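Dear colleague,

Please find the structure below, followed by a short account of the findings. Your comments would be welcome.

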Amino acid sequence: LATVLIGIRNQPTHALGHLLPEGTPGPLIPVLIIIETISLFIRPLALGVRLTANLTAGHLLIQLIATAAFVLLPLIPIVAILTSTVLVLLTLLEVAVAIIQAYVFVLLLSLYLQENV
């Protein structure tokens with residue numbers, strides 16, 4: 001939000017130029033400006049929600065499988081060992097997802113900053 005406001009304050013014509021494509025018919029201008037303004041302010045929020053959801057889902061899945069492994073250990077040790085193996089593989093997958101999410105977050109954030117500042 002701060003970068004959008006700084007972009008509008010420092011370079012208003014450039015920042016507002018993104019709100020309206022060239023050659024837009026007259027009756028569509030007010031509607032497009034409203035839609036593009038909402039989109040401009042929603043993008044950073046959507047980026048944060050996507051990052052939070054991906055990380056939370058992975059952590060919840062790891063917690064569920066770890067709990068299952070601990071519960072199964074005294075009852076069925078062989079299944080608990082297999083579950084623990086799945087847990088290790090899932091942890092490796094979660095690390096890979098975290099790296100990809102960090103890359104996407106930095107890439108999109110730099111694109112948003114470049115557009116607004």
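Patches are made of residues with over 30% relative accessible area and no salt bridge, where like charges are joined within 9 Å and nonpolar side chains (Val, Leu, Ile, Met, Phe, Trp, Tyr) within 5 Å. A salt bridge is a side-chain nitrogen of Lys or Arg within 4 Å of a carboxyl oxygen of Asp or Glu. This is a predicted model, in which local features need pLDDT of at least 70, side-chain atom pairs count only at pLDDT 80 or more, and totals for chains, interfaces and linings use all residues. Residues are numbered from 1 along each chain as its sequence is written, and side-chain values use heavy atoms, leaving out hydrogens and water.

Val71, Leu75, Ile76, Ile78, Val79 and Leu82 form a nonpolar surface patch of about 580 Å². The elements that contribute two or more residues to this patch are H3 and helix H4 (77–116), and H4 gives the most, with three residues. Ile78, in helix H4, counts as exposed (over 50% relative accessible area, 1.4 Å probe, protein chains only) because its relative accessibility is 60%.

H3 has 47 residues and spans 67 Å from its first C-alpha to its last, close to the 69 Å expected at 1.5 Å a residue. The helix H3 bends by about 35 degrees at Ile42, and Pro44 follows within four residues; the bend is the angle between axes fitted to the seven residues ending at a residue and the seven starting there.

Ala66 lies in helix H3 (residues 29–75) and is buried (under 20%), with a relative accessible area of 16%. The C-alpha atoms of Ala66 and Ser84 are separated by 7.2 Å.

With kind regards

Methods. Accessible areas come from the Shrake-Rupley method with a 1.4 Å probe; for residues, only the protein chains shown count as cover. The expected span of a helix is 1.5 Å times one less than its number of residues.
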